[in-house]
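Visitor: Hi, could you walk me through this one?
Guide: Happy to, let's bring it up.

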Amino acid sequence: MKRSRLTPFPIAGLLLLALAGPATADRAIEEHLELSADGELAVEILSGSLVIHGWDRPELQIKGTVEDDVEDLEISGNGTRAWIEMDTELSHGHSRGRVDLDVDLEIWMPASARLEVDTLSAGIEVSGLAGSLELGSVSGQIIVSGAPAELDAETVSGDVRLDGSGTRTGTPVSVETVSGNVVLRGVGGKIDASTVSGRIELGAVAVVTDADLETVSGSVSIEAALAPGARVDVNSHSGSITLRLPADTSASFDISTFSGSVANDLGPAAQRIDRFGPGKALEFSLGDGSAEVSVETFSGSVSLKRQ
């Protein structure tokens with residue numbers, strides 16, 4: 001997968017600087033800006049929450065509350081690009097360097113515009129956007145519903161969920177986490193997801209053309225149809241892997257595990273790699289074998305099932 005971008009904030013330093021500040025009152029904000037249908041919104045905050053909706057107006061509407069210690073939240077734009085940016089060096093004296101300065105916003109933006117968000121711990125919830133999404137949070141969860149043109153999401157410990165049900169076109173997806181879970185429903189097309197200890201769940205409405213899924217100790221579960229010539233590559237060290245495929249699937253399979261078990265409801269049983277070692281391998285084809293499915297695990301179990 002590509003090099004992680006995560007968030008531009010100096011994460012380690014900010015976490016060390018986190019201080020318990022005194023209780024303060026929140027202040028309300030409401031802003032309106034022009035933003036074209038093919039424009040872009042960039043949001044950069046530390047903590048709090050972001051709820052972002054798509055609509056059919058060429059404008060941006062922002063409502064919410066800001067913690068009183070947030071002295072400078074810049075909201076600006078030029079008609080084609082808009083910014084919502086928090087100055088991380090803010091202060092009322094005692095608050096300088098704090099990372100728990102909450103900004104809670106509900107935003108309406110043109111559905112076809114592009115969205116880019118970076119946060120430290122704020123949760124991100126997006127619905128009804130058809131443009132490209134680039135979303136990053138260290139510990140906040142990311143929830144997307146609808147059919148964006150593309151989703152690129154990264155977290156450290158936050159979960160990522162895409163509910164694309166209701167569309168059969170498929171959304172290209174790239175997701176990277178460390179301990180967060182990745183749940184992708186109603187997707188299809190090209191899917192790239194990796195996590196260290198989180199689980200990956202993939203449920204496709206559209207057919208999958210290219211999927212690359214990787215975990216270390218998390219489980220992987222796939223329920224999907226494969227396009228002719230599709231490529232599916234699943235890799236795990238100790239997590240279990242389950243594939244549920246339609247009965248009419250046409251694909252060639254290459255399954256291997258060093259010490260895990262292999263259960264195959266689609267074809268023949270796995271064979272030992274050699275007489276004395278624990279490893280098992282399984283190679284077989286269904287239909288014309290045009291799609292390619294590769295599954296590799298060290299100690300995790302592998303199950304191939306019919307839908």
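Visitor: Which residues of strand β19 are on the covered face, and which on the uncovered one?
Guide: In β19 (residues 251-257), Ala251, Phe253, Ile255 and Thr257 make up the covered face, while Ser252, Asp254 and Ser256 lie on the uncovered one. Strands here are DSSP runs of E with at least two residues, numbered from the N terminus. This is a predicted model, where local features need pLDDT of at least 70, side-chain atom pairs count only at pLDDT 80 or more, and totals for chains, interfaces and linings use all residues. Residues are numbered from 1 along each chain as its sequence is written, and side-chain values use heavy atoms, with hydrogens and water left out.

Visitor: Which way does β19 pair with β22, parallel or antiparallel?
Guide: Antiparallel, with 7 bridges to β22 (residues 280-286); pairing requires at least two DSSP bridges between the strands. Serine 252 sits opposite serine 285 of β22.

Visitor: And what about β23?
Guide: β19 and β23 (residues 291-297) run parallel and are joined by 7 bridges. There, phenylalanine 253 faces valine 293.

Visitor: New topic: where is glutamate 71?
Guide: Glutamate 71 is in the loop between β3 (59-67) and β4 (73-77).

Visitor: Which loop holds valine 196?
Guide: Valine 196 belongs to the loop between β14 (182-194) and β15 (200-214), and counts as partly exposed at 38% relative accessibility.

Definitions and conventions: Helix = DSSP H or I, 4+ residues; strand = E, 2+ residues; numbered from the N terminus. Buried < 20%, exposed > 50% of the residue type's maximum accessible area, 1.4 Å probe, protein only.
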